[in-house]
Amino acid sequence: GVGGNTNLLVSVGNRGHLMTSHNSWTNLVTQNEQGQSVTNRVNTLGIVWNAVEPELTENDLQGVAVLDDTWIVTGGKGTVLTTADGKKWDKHQAPTSGILTSVEAFQKQFVAVGEQGVILTSPTGADWTRHTSGTEHWIYRVRAFGDQLIAVGQAGIILTSSDGETWAERESGT
């Protein structure tokens, strides 16, 4: 997974791999066609990546989202990681033992989804509330579009919500 904003990007992967790319500037010296040295200022966001060490978990990580000044990562066994700066990370446990494969910022809260129809919300990423999805199927992704959330998953499941708490199943045709 990858996500972030114009200040910080976060990339996650298997076995707890977590990398950050900060919005910073550096000088890049090149030679022009006349052989003269030319110095340009370039932004490193999305170009220079640094691994977060030591790794905070052995669990696979997939979901990444940002809300205001809080970045959040979700993953295996209900793992949740939060940061305000990409350097100091806090580890939290969501009320699930399955993998949380997606997280989205929506209406001043985070919404996370995963295995066994799990849907969770949290204003901070630390404390989570579980909501009824109406399915036991794996909900693989959740995304916000305007004033609505759309979650999709296993067996063609499509769910929508206007608040992250109450969900309605939609016909997918598959």
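**Exercise 1. Determine the strand order of the open sheet and state which strands stand at its edges.**

Solution. The open sheet comprises four strands in the order E7-E8-E9-E10, with antiparallel pairing. Here strands are DSSP runs (E, at least two residues) numbered from the N terminus, and two strands pair if DSSP finds at least two bridges between them. Strand E7 (61-67) and strand E10 (89-93) each have a single partner strand, so one side of each lacks a neighbour in the sheet; these are the edge strands. On average, neighbouring strands are turned by 20° against each other, direction ignored, the axes being lines fitted to C-alpha atoms.

The model is predicted: local features need pLDDT of at least 70, side-chain atom pairs count only at pLDDT 80 or more, and totals for chains, interfaces and linings use all residues. Residues are numbered from 1 along each chain as its sequence is written, and side-chain values use heavy atoms, with hydrogens and water left out.

**Exercise 2. Trace the pairing of E9 with E8 and with E10.**

Solution. Begin with E8 (residues 70-75) and E9 (residues 79-83), which pair in the antiparallel sense over four bridges. Three residues separate these strands in a hairpin, where Lys-77 in the turn has a positive phi of about 55°. Next, five bridges join E9 to E10, again antiparallel. This hairpin has five residues between its strands, and Gly-86 in the turn has a positive phi of about 80°. Finally, locate Thr-82 of E9: Ile-72 stands opposite Thr-82, and Thr-82 stands opposite Asp-90 in E10.

Note on methods
Axes are lines fitted to C-alpha atoms, for helices over the stretch in contact, and angles run from 0 to 180 degrees between N-to-C directions.
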